[in-house]
Amino acid sequence: MGFVQYAPMDTETVARVARLARLAVSPDQQKAVAGELGQILAFVEQLNSVDVTGIKPVAGVHDDALRQRDDVVNDGNCAADILQNAPQTMADFFVVPKVVE
Amino acid sequence: MTIIKGRTGEWEMVIGLEVHAQITSHSKLFSGASTTFGADPNHQVSLVDAAFPGMLPVINKQCVVQAVKTGFGLNAHINLESVFDRKNYFYPDLPAGYQISQYQKPIVGKGYLDIDLPDGTSKRIGITRLHLEQDAGKSLHDQSPKDTYVDLNRAGVALMEIVSEPEMTGPEEAAAYVKKLRAILQYIGSCDGNMEEGSMRADVNLSVRRKGEKKLGTRCEIKNVNSIRFIMAAIEYEAQRQIEIVEAGGTIAQETRLWDTTKHETRALRSKEEAHDYRYFPDPDLLPLRLDAAWVEDLRRALPELPDAKKERLMQQYGLKAYDATTLVADQAAADFFEAVAKGRDGKLAANWVTVELFGALNKLGREISHSPISATQLSELVGLIEDNTISGRIAKDVFEVMLETGQNPAAIVQEKGWQQMTDMGAIDAAIDAILAQHADKVAEYKSGKDKLFGFFVGQVMKATGGKANPAALNDLLKKKLS
């Protein structure tokens with residue numbers, strides 16, 4: 001089966017997706033990124049050529065049931081560990097630049 | 001249905017509610033950290049909740065149980081297979097950058113509940129779905145002028161998001177819906193329903209349209225309204241706001257708004273340009289949640305008596321009116337209290353003492369029924385004293401006041417104060433004779449046709465006996481003597 005070449009993504013979509021993911025992609029990078037993303041999508045879209053008629057979708061390669069745990073408190077109480085890498089803390093709170101809307 | 005008169009005609013509103021109810025559990029939805037309210041900041045956070053690299057979520061079985069039981073309480077379809085998805089957005093109190101939620105395959109599907117309206121009628125409101133999701137942490141914006149403080153204790157606590165169909169038409173229906181939903185959750189024990197502590201919060205979706213119009217208007221969503229009073233106020237404000245815009249020739253922008261509890265208005269929260277795009281996808285850390293049909297059926301069979309069934313039973317068993325029964329079942333503790341009072345007593349009389357006297361007193365004291373200064377046993381004893389004619393209903397109110405103040409048992413109070421009803425015919429007879437002798441002139445007037453004076457004689461004898469004369473006996477004797 002040949003490699004199907006799809007039209008590359010447009011720069012507008014790249015800018016939108018980058019903003020949603022909070023990634024800084026400058027306008028002069030957008031075209032290159034669009035080309036790369038387009039190639040990745042084209043690669044993945046090869047899957048569309050497989051006939052899956054009548055096959056039940058699965059969530060993963062292990063078709064197990066989700067493991068469940070009992071409702072017991074056996075974790076937490078480790079504020080020092082949690083806060084260890086925070087750039088700024090105050091009285092066991094994380095402190096971040098004001099984000100009120 | 002609430003109809004609003006605008007400048008250009010009549011309007012109606014269409015309301016749907018999304019209620020977030022915190023699930024009652026010891027530990028969080030996907031971690032073993034505690035859920036207790038009010039702990040020191042970041043002390044109930046595991047590495048899973050703080051989204052440290054490599055941490056994996058493992059679901060809490062009890063939260064699944066609670067969601068299934070609640071689904072049955074809402075007469076809803078339980079999905080034996082459901083899927084967890086990631087809802088992606090960025091905010092400092094969401095450490096992973098996504099919330100684990102359920103999107104296309106929720107654990108509970110369509111159902112309904114019947115709401116009780118103030119005029120005594122009821123209305124069926126459809127439930128669209130119920131899904132499991134994680135709560136976010138808490139951001140404090142008022143601790144510092146330049147910074148936001150973040151506490152992740154709540155991050156990862158299990159929530160049920162319960163979505164209604166857009167079938168409510170005014171603030172009263174929305175309030176009745178939240179009340180009924182809260183009662184069901186409390187009866188099942190899946191959520192404590194405490195709105196002040198944030199265990200229950202509602203997002204209100206509202207649009208307006210001209211009366212009789214079939215097409216829906218553009219809706220706005222008012223986020224995180226945390227009391228029934230605020231829900232009603234936000235609905236009234238928002239409907240008015242939308243009508244004014246449309247009547248002035250404008251159009252409604254679909255947007256998220258918040259209810260400002262100090263200014264009593266809604267205002268835009270997120271601009272349209274930042275339109276939600278949560279890029280949902282199935283969480284690769286979690287397999288589908290599969291439930292065993294027999295296990296689910298066992299949960300259904302173990303459900304407690306729910307508010308509507310209890311209301312029916314109270315009406316049947318105790319002969320209560322729908323209004324009293326509705327009042328009592330709104331709070332499970334009140335219904336239990338009533339049944340304890342009514343044991344071996346007249347149901348209607350017991351209901352009257354609970355809903356009028358006791359509720360009135362608790363209101364004044366600002367107390368919940370669980371902290372009532374008068375126990376159910378004591379109130380039952382008081383009702384018993386009325387029934388066996390030891391005291392009259394009027395004296396009972398005085399006894400009740402003393403009970404409130406001192407916590408004493410009613411029989412002891414009656415004994416100590418000498419408030420027993422005078423049932424000794426001889427004593428009542430003597431009291432009547434004394435009054436009639438004192439008021440010979442009035443007796444003459446009565447006999448010449450002034451019937452109204454009968455009440456005067458009753459009052460005088462009651463006064464002379466300190467209100468203790470048995471009213472029925474007094475009436476009978478007095479009638480005989482005056483004839």
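How much area is buried between chain A and chain B, and what percentage of that do carbon and sulfur atoms give? About 4,000 Å² is buried between the two chains, and carbon and sulfur atoms give 57% of that area. On the chain A side, Leu66(A), Arg69(A) and Asp71(A) lose the most area to chain B. Together these three make up 19% of what that side buries. Please keep in mind that this is a predicted model.

In terms of residues, 41 from chain A are in contact with 51 from chain B.

Next, the polar side of the interface. Between chain A and chain B there are 23 residue pairs in polar contact, counting pairs with both residues at pLDDT 80 or more. Four elements of chain A each give two or more residues to the side that touches chain B. These are helix H1 (11–20), strand E1 (68–69), helix H3 (79–83) and strand E3 (93–97). E3(A) supplies the largest share of that side, five residues. Sorted by class, the chain A side has 20 nonpolar, seven polar and 14 charged residues.

How many salt bridges cross the interface of chain A and chain B? The rule finds one. A salt bridge joins the side chains of Arg16(A) and Asp277(B), at 2.3 Å from N to O.

Now the salt bridges of the structure as a whole. The search over all chains gives 34. As background, side chains of opposite charge can pair when their charged atoms come close. I will show a few from chain B.

Start with Glu238(B) and Arg257(B), whose side chains form a salt bridge at 3.3 Å, N to O.

The next pair is Arg300(B) and Glu297(B), with a salt bridge at 2.6 Å, N to O. Both residues lie in helix H4 (residues 293–301) of chain B, three residues apart, which is about one turn of the helix. Arg300(B) is partly exposed at 39% relative accessible area, and Glu297(B) is partly exposed at 24%.

Then there is Glu10(B) with Lys5(B), where the side chains meet in a salt bridge at 3.6 Å, N to O. Glu10(B) is partly exposed, with 30% relative accessible area. Lys5(B), at 67%, counts as exposed.

Salt bridges also join up into a network in chain B, linking Asp116(B), Lys180(B), Asp308(B) and Lys311(B).

Last, the cysteines. How many disulfides does the structure hold over all chains? The number is zero. Take Cys78(A), which is in no disulfide. The nearest cysteine sulfur to Cys78(A) belongs to Cys63(B) and is 19 Å away. Why is there no disulfide at Cys78(A)? A disulfide needs two cysteine sulfur atoms within 2.5 Å, and for Cys78(A) the nearest such sulfur is 19 Å away. Cys78(A) counts as buried, at 16% relative accessibility. Cys220(B) is buried as well, with a relative accessible area of 0%.

That is the end of my part.

Methods: Residues are numbered from 1 along each chain as its sequence is written. Chains are lettered from A and ligands numbered from 1 in the order in which they are written. This is a predicted model: local features need pLDDT of at least 70, side-chain atom pairs count only at pLDDT 80 or more; totals for chains, interfaces and linings use all residues. Side-chain values use heavy atoms; hydrogens and water are left out. Buried means under 20% relative accessible area, exposed over 50%, partly exposed in between (1.4 Å probe, protein chains only). Contact means heavy atoms within 4.5 Å. Buried area is the accessible area (1.4 Å probe) that two parts lose on being put together, summed over both. A salt bridge is a side-chain nitrogen of Lys or Arg within 4 Å of a carboxyl oxygen of Asp or Glu. A polar contact is a pair of N or O atoms within 3.5 Å; within protein, one must be able to donate a hydrogen and the other to accept it, and residues adjacent in sequence count only if both atoms are side-chain atoms. Ala, Val, Leu, Ile, Met, Phe, Trp, Tyr, Cys and Pro count as nonpolar, Asp, Glu, Lys and Arg as charged, and the others, Gly among them, as polar.
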